[in-house]
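Here are a few notes to read alongside the model. Have a look at the fold before going through the points.

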Amino acid sequence: MAPPKKPNKMSKDSKKIQKGKKKKKKNKIKIINKTAAVDNKAIDSEWWDIFWKRNSNSDAPLDEDEGFRHFFRVSKRTFEYICSLVREDLISRPPSGLINIEGRLLSVEKQVAIALRRLASGESQVSVGASFGVGQSTVSQVTWRFIEAVEERARHHLKWPDSSQIGRIKSGFEASCGLPNCCGAIDSTHIVMTLPAVQTSDDWCDQENNYSMFVQGVVDYEMRFLDIVTGWPGGMPISRLLKCSGFYKLCESGARLNGSVKKLSSGEEVREYIVGGASYPLLPWLVTPFEGGEPSSSPEFNPVLETARSAAVKAFAQLKGGWRILNKVMWRPDKRKLPSIILVCCLLHNIIIDCGDNLDPDVALSAHHDSDYRGHVCKQVDDVGRDVRERLAKHLLCRNGNVLCA
């Protein structure tokens, strides 16, 4: 016997109802996704009002604009520029769980603010999260996504200058310290960290018995980074760090610092070069101070060179003071990711300069950026480098009228 028709009709009706429910659910999901996308692309200005009310009772300045720079190291205008750089990346690759305590998706502006605060303060992820009303895991995800995006999108803010820019840099160094044809100043610093027992080794243990990673940078007279190298263990000599860098290989091959020579007041000529401290070798393109019993035709040469070199010393003090995550002992960082964090801090340092913001001297380290480390004098002296240095020393004497020049 065939089954009665009435139950069949009932089942068809129930199927229609279920299909209708599914359609409504799908439509609801579409509306939610569309709303989230609009919220993400829109510029969010509310986050700052909420953050300021929550945190302005701390040691922040009373002025709101100054307070913004205090917390994030950049002006509001530069903050907007940074958001424009990373916006598409932060929208296109949203990880799960990026919501605040109100249950709303985090805006690009709030994500950038969280990451900048983490890098600027060096405070724990829990502490940074509490100041924004988000959890520790959110701070971790947001900060790393921001680092990846800046590393990808802001590379043009850290590159070796072209011929016209090099000319401006040379003029800047000559005007500030009197050294002609100088293209930069070089220095290096340690980023101290703790490592799990399984990752510790003598290579990473430096002369002060810290585990650390080196950063080497070449800067211009405005403290802008022109070249950096990082990722190498802090226990190696600085001279070896230099020779492991791509910058050294380019200079040695003649692909860099190969521009026009400069005629000196002594009648001699000098090639392009950079200046460095006593920890660096004296090379044809790297001029270092006279040491110990080395004869010098100009007693003022070392102070003049130190003035030029101080641009790099101050740049690192500003970098580690402005982005305090680099000046605190990093707790078990991923050594593969740490170079990216360092690079992004250098990029942010340059962005501040390139956008016309003034680097805040109040946040710079008051002491030397590597104050815990004793200087090591490199004994390597190249004959051509010695000749370049002597020509510059003679030029300083001639410039001041201390000797009769050709």
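**Notes on the packing**

1. Start with L119: T143, F146, I147, W323, R324, I325, I341, V344, C345 and L348 are in contact with L119, leaving aside residues up to four places away in sequence. Contact here means heavy atoms within 4.5 Å.

2. A word on provenance: this is a predicted model, where local features need pLDDT of at least 70 and side-chain atom pairs count only at pLDDT 80 or more, while totals for chains, interfaces and linings use all residues. Residues are numbered from 1 along each chain as its sequence is written, and side-chain values use heavy atoms, without hydrogens and water.

3. L119 turns up again in the largest nonpolar core, which has 110 residues: F72, V112, L119, F146 and W285 touch the most other members. Such a core is a set of buried (under 20% relative accessible area, 1.4 Å probe, protein chains only) Ala, Val, Leu, Ile, Met, Phe, Trp, Tyr and Cys residues joined through side-chain atoms within 4.5 Å. Helix α12 (residues 338-354) gives the most to this core, 12 residues. Helices are DSSP runs (H or I, at least four residues), numbered from the N terminus.

4. Over the whole chain, 49% of the 406 residues count as buried.

5. Now the helix pair: F173, S176 and C177 in α8 meet V304, T307, A308 and A311 in α11. Five of the residues in this contact are nonpolar, two are polar and none is charged. Nonpolar covers Ala, Val, Leu, Ile, Met, Phe, Trp, Tyr, Cys and Pro, charged covers Asp, Glu, Lys and Arg, and the others, Gly among them, are polar.

Key. Helices (H or I, at least four residues) and strands (E, at least two) are DSSP runs, numbered from the N terminus. Buried means under 20% relative accessible area, exposed over 50%, partly exposed in between (1.4 Å probe, protein chains only).
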